[in-house]
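Here is a short tour for anyone meeting this structure for the first time. Have a look at the model, then read on.

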Amino acid sequence: MSKKVYPMTLTAMLVALAVIGGSVFSFSIGVAKVAPMQHLIDVVSGVLLGPWWALAQAFLTSVIRNIMGTGTVLAFPGSMIGAFLSGWLFQRTGKLLAGVCGELLGSGVIGAFVAYPVAAWLMGTTGAVWLFLPSFFMSALVGVILGYAILKSMWSTVIAPRLGKLQGK
């Protein structure tokens, strides 16, 4: 079996969960659609798959949700930066909390600042960047708390042994 089958399959499953979950569990604050499920999935994919697969998951989820009309272009910078940073920090430290903080910082703060010019350019939205920060941060906060709880509950029995096998330990 190819070494890419596992990450591709898990990425596809996480994309499906994020698309469905983001469509079912979302609400609007201002111009941003708040979807905590995306942040939960970003943390899970960052920790289990690493930064590049997490980035792919976030991008594919954003594309599908935009095609379906259940997301906005603001999903691209918000989810992609957070997913990548979550995976990158977890990979560097091996600590679940680092992956969680990566998603919160990447999507909740950096993503909000990057979304502002995207919204102004593509959506014609005017206003202060501070309008994006609360909605992005709250969405990410809810998602990372749920993601942390799920990953922590499965850590010793499911995740740590699997990560050890993937890393050759």
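## The chain at a glance

Of the 169 residues in the chain, 46% are buried (under 20% relative accessible area; exposed is over 50% and partly exposed is in between, with a 1.4 Å probe and protein chains only). Keep in mind that this is a predicted model, where local features need pLDDT of at least 70 and side-chain atom pairs count only at pLDDT 80 or more, while totals for chains, interfaces and linings use all residues. Residues are numbered from 1 along each chain as its sequence is written, and side-chain values use heavy atoms, with hydrogens and water left out.

You'll find six helices and two strands here (DSSP runs numbered from the N terminus: H or I of at least four residues for helices, E of at least two for strands). Along the sequence they come in the order α-β-β-α-α-α-α-α. Take the contacts (heavy atoms within 4.5 Å) with a separation of 6 or more: 68% of them are between residues 24 or more positions apart.

## The nonpolar cores

Which residues touch the most other members of the largest nonpolar core? They are Leu 14, Ile 41, Val 43, Val 44, Val 47, Leu 48 and Leu 151, out of 18 residues in that core. (A nonpolar core is a set of buried Ala, Val, Leu, Ile, Met, Phe, Trp, Tyr and Cys residues joined through side-chain atoms within 4.5 Å.) Two or more residues each come from α1 (5-24), α2 (36-49), α5 (96-123) and α6 (132-166), and α2 gives the most, with eight residues. Another core, of five residues, lies apart from this one, and Ala 112, Ala 115, Leu 133 and Phe 136 are among its members.

Let's zoom in on Val 43. Beyond its neighbours within four places in sequence, Val 43 is in contact with Ser 86, Gly 99, Val 100, Glu 103, Val 144 and Leu 151.

His 39 sits in helix α2, and it counts as buried because its relative accessibility is 8%. Leaving out residues up to four places away in sequence, His 39 touches Glu 103, Ser 107, Ser 139, Ala 140, Gly 143 and Val 144.

Pro 36 is in helix α2 too. With 12% relative accessibility, Pro 36 therefore counts as buried. Its contacts, again not counting residues up to four places away, are Phe 25, Phe 27, Ser 139, Val 142 and Gly 143. Pro 36 and Ser 26 are ten residues apart in sequence, and their C-alpha atoms are 7.1 Å apart in space.

## How the helices pack

Helices α1 and α3 (residues 51-68) pack at about 40 degrees, with axes 9 Å apart. (Axes are lines fitted to C-alpha atoms, for helices over the stretch in contact, and angles run from 0 to 180 degrees between N-to-C directions.) So α1 and α3 are oblique to each other; angles under 35 degrees count as roughly parallel, over 145 as roughly antiparallel, 65 to 115 as roughly perpendicular and the rest as oblique. In the contact between α1 and α3, residues of α1 including Leu 14 and Ala 18 meet residues of α3 including Trp 53 and Leu 60.

What about α2 and α4 (residues 75-93)? Their axes come within 8 Å and cross at roughly 35 degrees. Here Gln 38, Asp 42, Val 43, Gly 46 and Val 47 of α2 meet Ser 79, Ala 83, Ser 86, Gly 87 and Phe 90 of α4.
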